[in-house]
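Student: Could you walk me through one part of this model closely? I'd like to look at the disulfides and their surroundings.

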Amino acid sequence: MEILPLHRRKWVWCVGVLFLGGIGFTVFLVEIFTRSSSNEVSAPISTTSPIPSAPPTISGLPSVYPSLFPSASPSLRPTASPTDYPSLSPSAVPSLSSIPSSSPPTGSPTNYTDIQRNVLMALYEATNGANWRRDYLWWSDADICTWSGLACSGNGDIIKLDLDFNYLEGVLPTELGLLQSLQTLWVGENSLTGPIPTELGQLQSLLRLHMYGNDLTGPVPTELGRLQSLQHVIVYGNDLTGPIPSELGQLQSLQTLWVAYNGLTGSIPTELGQLQSLRQVIIYDNDLTGAMPDEVCALRDSNGGALISLPADCQEVLCSCCTRCCIDGGGCSDP
């Protein structure tokens with residue numbers, strides 16, 4: 001094949017370049033013409049996107065879009081009518097009364113619930129409640145039946161107060177006598193001082209009284225003899241003095257009488273022999289004298305031998321029917 005001279009090849013290249021350039025220029029003119037025609041029927045295209053001053057309104061969609069507008073600039077925040085946002089009903093907002101407060105309620109009690117609350121507040125304050133081991137919801141506006149250590153009846157009356165081993169210290173308030181439905185009062189193994197309130201004799205529903213392991217002083221209240229429902233009196237390990245009240249012989253429901261490890265004096269009342277339900281009389285480690293009454297010894301044989309436990313200080317109390325003989329501070333042994 002014949003090869004063209006160099007000057008002819010350059011001419012062919014030039015023609016080719018001109019041809020391709022003409023095609024490109026023609027395409028450019030067509031594109032310009034097309035764009036100019038479309039601009040006659042549409043708005044000019046902006047090269048920047050301005051921030052809208054109001055939320056867009058699109059058919060079929062809500063007219064408020066708070067998340068689309070920056071909250072940092074109030075002027076850019078959309079404005080909307082109250083109907084654009086859901087309204088809150090009063091029931092949707094929690095009541096402040098349902099939130100426990102750090103201060104006690106004020107005002108005079110108007111019903112028994114208020115009286116009970118005030119009694120508990122008096123107990124909390126008198127026995128250094130801030131240092132209790134368990135004080136959940138105490139000193140709050142919460143329902144008292146939800147407070148730790150309490151149990152209530154179906155109508156909201158306090159029937160049990162269990163504060164054993166709870167670091168109570170101080171003197172029990174006399175207001176405890178106002179808890180008219182109370183059945184169980186447990187305040188054992190604390191650091192309570194002062195006397196057993198005589199007002200406890202008003203608690204006609206009381207079944208169980210546990211006050212052992214404290215530093216209580218004074219006598220065993222004679223007023224306890226009024227409590228016909230009382231079944232258990234456990235007050236050992238205190239510093240109680242005086243005699244065992246003969247009035248306890250009126251407690252026909254009494255099953256347990258524990259008064260050991262105190263400083264009780266005098267003789268053992270014969271009236272205890274009237275208690276046919278009595279099962280345990282724990283009276284050793286006191287300063288009692290005399291003899292165990294025959295009426296009490298008879299309970300060891302009567303009623304099927306219901307009185308099964310009767311330990312005493314046999315060196316101080318003459319006892320032929322005692323189940324154990326004890327020495328002050330020296331333990332007990334078989335008689």
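Tutor: The link of Cys326 and Cys332 is right-handed, with 105° about the S-S bond. Its sulfurs sit 1.9 Å apart, and a disulfide here is a pair of cysteine sulfur atoms within 2.5 Å. Bear in mind that this is a predicted model, where local features need pLDDT of at least 70, side-chain atom pairs count only at pLDDT 80 or more, and totals for chains, interfaces and linings use all residues. Residues are numbered from 1 along each chain as its sequence is written, and side-chain values use heavy atoms, with hydrogens and water left out.

Buried means under 20% relative accessible area, exposed over 50%, and partly exposed in between (1.4 Å probe, protein chains only).

Now take Cys314 and Cys325, joined with an S to S distance of 2.0 Å. That link is left-handed, at -80° about the S-S bond. Cys314 lies in the loop between β15 (311-312) and β16 (317-318) and Cys325 in strand β17 (residues 324-327), so the pair ties together parts 11 residues apart in sequence. Strands are DSSP runs of E, at least two residues, numbered from the N terminus. Cys314 is partly exposed at 24%, whereas Cys325 is buried at 19%.

Cys145 and Cys152 are bonded too, S to S 2.2 Å, and that link is left-handed at -100°. Overall, the count comes to 5 disulfides. With the bonded cysteines numbered in sequence order, the pairing reads 1-2, 3-6, 4-8, 5-7, 9-10.

Definitions and conventions. Helix = DSSP H or I, 4+ residues; strand = E, 2+ residues; numbered from the N terminus.
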